[in-house]
Amino acid sequence: MSATTHRLEVALNPSSIAIIGASGDPGRIGGIALDHLSRFGFRGQVFPVNPKYPELAGFRCYPDVESLPIAPDVAVLALPVEDVAPMLERCHAKGIPSAIVYAAGFAEIGGEGSSRQEALLEFSRRTGMHIIGPNCMGLAQLETRAITCFAPTFRLFPPDERKGGISLVTQSGSMCSDLYVTGWMMNMRFRHFINTGNEACVDFADYLDYLVTDQGTQIIAGYVEGLRDGPKFVAAARQMLQAGKPLVLLKAGESERGSEVTQSHTAALAGNRAVYRAAFAQLGVMQARHTVHLTDLAYLSGFPRMDSVGRKVVVASISGAMGAVTADLLSAQGLELPVLSQASQSRLMETVPGIAMVCNPVDMTGQLFSRPRLATEVLQTLLQDAAANVLLVYATGSLFERIAPELIEVAAGSSCLVTVVATSGTPETRQRLEAAGIPVFPDAARACEALGTAARRAENLRRASRWHALREAEDAHRTLAGSAPLCADEHQVKQWLHGFGVPVGKVEAAADPGQAEAIARRLGGPVAVKILSPDIAHKTEVGGVRLNVRPAEVRDAARDMLDAVAAAQPKARLRGLLIQPMESGVGELIVGVTRDPVFGLVMTVGLGGIMTELFQDVAHRLLPVDEEMAREMLTELRSAPLLQGFRGKPAADIPAAARAIAAVSRAAMAAGPALNELEINPLLIKAKGQGAVALDALLLTTTE
């Protein structure tokens, strides 16, 4: 293997394969893969291993791995779980560099199975052997016919001579088969079929790292239940972004992480599902909602004008009703149907007398049959109009066949993506359109859903490039000088945050009620009095907050507070009191950072109060976050209009809020591995031009 060859090349693109536990029965696990290699003509060497047979499926059979004439690239272990470890040792002794383990009975069953898997990982580390699985269905490199998968799917939906640029990688064997079949029915052809299994030694991100270097792979479509290594996944996603290879994923098992042990609101809001969705969008990954959607996205990604997809679509339909339905479907995806220019509308009315709708959608009606090349004139008018960059055409039956040549002609002269919805028509016509760069969907809802996701991806790709650049810059300049203070109370946290540019306003600590009163009199006006303790996360729950306290009343309020908190939390360390002036503004934000077990530091921003608590109206980002990203987060909130001068109320100081959010990101990034959670709740946003101020701050570290 050369220095430039990926370490997984021999396993995923082998030139020689041993089937250990091979069977002459093409219905058994040890016989299905062997049958595939024979039936479809694997372009390499095959070595069945079974002492019972001299020959299997037309291949010479060997009694044991030691008698093989060479060390093959990969050994497929079609063996019971108890025989796996001893056989791997024998394969390693033979010099075989990689193995595929079908057997179940490892970590997925817990107990003894977990011990077996740990031993498997230790073996891989010790020997350097690349082990696929265990508990996996196997692999298929469909161009070379290196099909080591035991799924009988390929017998019903066989690979043909067409090369496929789509590679499947899934954490479920049956899902891999389902996606293959769904795509095959859509006339798609695949390159790799990868089922990762338990990922004991090679995880999901490792396969992505390989596929981004695989020249034959142009698109990666996958199914994931959970990622083991977030940073490695982020690195692979960046490589795909740089290589221009779309990544489409279906994420299942999105149950929210339990929040009963969390101490901050942020941790309860930043659940598993929300973080994955935010991470995928931020990395330019297209997230599918279901298997058909995933297949449609992979299909659409194979067309050269896919990257030009935007939010503005012109619809041309032979049916006024379907035009209206399609318009609704596109709008539901957040896409726009801009009105055609007056010149285009006039031209359409002159071209097609009696045409029903000309603004968008356009009702082409059956009059396209009335004279030759009428469809060409209509379609050229639509494509020459500057209103949109996607033309979606609905046609069916004989009209679909009739206008197909004209669609091909006009699409060739346009930079727009021309897409067709055809509920009927011959496969030959469909293939001619696809060859001309025109995707053909069998259903309007599927087309609209795919276009909506593609349009969002185009926006996300720009953001992803910017985020990766920001992340590099942050990594280059990060120092330990900002390490998070341990066992910190609110005053210490605010002082630390202030060093990064977080606006904390006037705030002073008092050792006792007398000092608290003196501070309040010096500040003037009503103040907030809060308990100061590193052990109390939610002060209001123990009577540790008093608002709008006049200076003359501060001493008594502080004394009562200390007594109440001491009674409620007798073991809490009480360090005194915090005094700050009462503030007023336009709105309140919750700004928090949590440490996600997969992706690391994740920021959550939401409008404070009922919108956040009841409606989960929040936006998430992987750190770092700059001011531009912060403004985008605020814009994403459903409650964003409340900050923009809703119904005559003052507009909030959005730039100040964005600066504060970016400063929180800098603090969290500099905090080091001790940071577990950081929260400002609330961040008060004042009227435009008047700034923002962090009214409360919470820091939880790993030592707490």
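This is a predicted model: local features need pLDDT of at least 70, side-chain atom pairs count only at pLDDT 80 or more; totals for chains, interfaces and linings use all residues.

Biologist: What makes a space a cavity and not a pocket?

Modeller: On a 1 Å grid over the protein atoms alone, a cavity is a set of points where a 1.4 Å probe fits but cannot get out, while a pocket is an open set with protein on both sides within 12 Å along at least five of seven lines. Lining residues have an atom within 4 Å of a point. For volumes, grid points are joined across faces, edges and corners, and the space filled by probe spheres set on the points is what counts. The largest cavity comes out at about 40 Å³.

Biologist: Which residues line the largest cavity?

Modeller: Val-314, Leu-382, Leu-383, Asp-385, Ala-388, Asn-389, Val-390, Leu-391 and Cys-416. The elements giving two or more residues to that lining are α14 (374–384) and β17 (390–394); helices (H or I, at least four residues) and strands (E, at least two) are DSSP runs, numbered from the N terminus.

Biologist: How do you know what class each lining residue belongs to?

Modeller: Ala, Val, Leu, Ile, Met, Phe, Trp, Tyr, Cys and Pro count as nonpolar, Asp, Glu, Lys and Arg as charged, and the others, Gly among them, as polar. On that basis the largest cavity's lining has seven nonpolar, one polar and one charged residues.

Biologist: And what about the second largest cavity?

Modeller: The second largest cavity holds about 40 Å³ of space. Its lining includes Ala-11, Leu-12, Pro-14 and Ile-100. β8 contributes the most, with three residues. By class, that lining has seven nonpolar, two polar and no charged residues.

Biologist: What volume does the second largest pocket have, and what lines it?

Modeller: About 770 Å³. The second largest pocket has 36 lining residues, with Lys-530, Lys-539, Asn-681, Pro-682 and Asp-696 nearest its centre. The classes there are 18 nonpolar, seven polar and eleven charged.

Biologist: Now the helices. Why are α6 and α11 called oblique?

Modeller: Helix α6 (residues 173–185) and helix α11 (residues 291–301) pack at about 55°, with axes 10 Å apart. Axes are lines fitted to C-alpha atoms, for helices over the stretch in contact, and angles run from 0 to 180 degrees between N-to-C directions. Angles under 35 degrees count as roughly parallel, over 145 as roughly antiparallel, 65 to 115 as roughly perpendicular and the rest as oblique. So α6 and α11 are oblique to each other.

Biologist: What about α19 and α20?

Modeller: Helix α19 (residues 513–523) packs on helix α20 (residues 554–568) at about 140°, their axes 8 Å apart. That makes α19 oblique to α20 as well.

Biologist: Where are the cis peptide bonds?

Modeller: One runs from Gly-133 to Pro-134, with omega near 0°, and Pro-134 sits in the loop between β7 (130–132) and β8. Another joins Leu-623 and Pro-624, with omega about 5°; Pro-624 is in the loop between β26 (618–622) and α22 (627–636).

Biologist: What makes Arg-145 stand out?

Modeller: Its phi is near 70°, a positive value in a residue other than glycine. Arg-145 lies in the loop between β8 and β9 (146–147). Most residues other than glycine have a negative phi, and most peptide bonds are trans.

Notes: Residues are numbered from 1 along each chain as its sequence is written. Side-chain values use heavy atoms; hydrogens and water are left out.
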